Amino acid sequence: MKFVRLFVVSLLLVPLNALGGTGAKLYNEFMDSDALYPDPEWQEYIDDLGQKLLSHSKDRGKQYHFFVLDNPEINAFATADAYIFVNRGLLAYMGSEDQLAAVVGHEIAHIVARHPDKRRAHGILGDSIGIIALALTGRWELMEAADAATRTMIMGYGREHELEADEIGAQIMARAGYNPLATIEAVHVLKDQELFAMDVANQPRSYHGLFATHPQNDKRLHEVVSYALDMLPEIMAEPSDRFWEMIDGLSYGSDSTVGINTDNVFYDKTLRIAVEFPKAWDVSFNRQKVVGVAPNGESEALLSVSRITPEDWVDYSDFLKNTLHVTNITSESTLDIPGCCQVHIADLAVDGTTKKRSLIGLRIKGSDVFVIQGEAGPRGNSDDLLVDMKSTLAGIRNLQVADMKKAKTKRIKVIVAKPGDTYKKLADQSSLRNYPEETLRLINGHHPHSEPRAGDKIKIVQ
């Protein structure tokens, strides 16, 4: 049976050049970029779920395609030619198949209501590289450069269209035997994640669907969901354990598309580069930058690395002033690092702050400019910061096979909570490095203060 399942999924993963729409083009680009989540059972599962929901919609009998992208960002989107892509990162936050059905049903509803057509999203592939990179990496400098149709598809269709998708999606899932109240649960879970990411982790909003236009207690959302309850079938199927079987072992975080090893190196599979920070530094990643923190914390030193692809290039000073809009430069110089490359480093004014030194460094690699911002805090050393800046600029290199062998992938493990389990205790045993206790609460729908109940299935990260 396992062979048959893999064979069926493999039929889905073939080039679809015969179909020329946006979704087909994206699919082929994702295939070429190894961007689909490399687990055929997940691809089969999301397709089974999507087809089941589709059969209870006005588009029943039409051809839809459902795929999981190997992307840690919390998002899902639909195209006019009926391709629905769900990011792996969103799956980790779902607490039941009903909640996942709410997300997929919402995306089906956008197509049923012809929202992509109404916003002319079918024309976004004029520059396919931009949308592919945006969908794969979630890099917001690409979002800012994208055209209006691209931003609409990734970020949402506006309040009225999103509410219409909520209403249609709730009705679809109810007819398919899923509890539409799970829509409210998904809103709460994803809204908590969004607020935490913005307020604590300093990351921008991600998923456009379901909650993007809703406060947590949106009256109209509750009304459309309650209305859909009347459409539930008289006899409900018994809940399946398949969802929890699928969640167990799911890749978590950035490690599948980009990897952070246990030491001081950040790996980006999409860009095929590695960034090496000084020894013993702690490395983390968000959509905008890679951050390295010195062993004694930010009060000692901090380096952040971001990447920009400029349209035009004049020189280093022009880039600092006219592209990055840096206005507090006190001195700057271009130097050669032996055996590596040419870099440019500028000192920035720190008057009136507790910083001992502030630097910004530039390195050109291919068509990209890597920008490193560095600060020596009150417990840091200004000379050490310059040394660390140079070593990190030199530590940007092409990805090697040996690098990827070192990178470790975090995965979700499903356990049954025991009496006395707390998220603090579970976080102490987790491989999560940033906000482990808060993250476990978030992915289990228990933010901000709830604890696991004995006997419940919960997700941890190993």
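Is Phe-67 buried or exposed at 2% relative accessibility? At that value Phe-67 counts as buried, the term denoting under 20% relative accessible area, with exposed set at over 50% and partly exposed in between (1.4 Å probe, protein chains only). The structure is a predicted model, in which local features need pLDDT of at least 70 and side-chain atom pairs count only at pLDDT 80 or more, while totals for chains, interfaces and linings use all residues. Residues are numbered from 1 along each chain as its sequence is written, and side-chain values use heavy atoms, with hydrogens and water left out.

A search of the whole structure gives 13 aromatic pairs (rings of Phe, Tyr and Trp, the last by its six-membered ring, with centres within 6.5 Å; planes under 30 degrees apart are stacked, over 60 edge-to-face and the rest tilted). The ring centres of Tyr-27 and Phe-67 are 4.7 Å apart and the planes lie at 40°, so this pair is tilted. Because Tyr-27 belongs to helix α2 (residues 22-32) and Phe-67 to strand β1 (residues 65-69), the pair ties together parts that are 40 residues apart in sequence; helices (H or I, at least four residues) and strands (E, at least two) are DSSP runs, numbered from the N terminus. Tyr-27, at 0% relative accessibility, also counts as buried.

For Phe-30 and Phe-85, the centres are 5.1 Å apart and the planes at 80°, so the pair is edge-to-face. Phe-30 lies in helix α2 and Phe-85 in strand β3 (residues 83-87), so parts 55 residues apart in sequence are tied together. Both Phe-30 and Phe-85 are buried. Ring pairs join Tyr-27, Phe-30, Phe-67, Phe-77, Tyr-83 and Phe-85 into a cluster.
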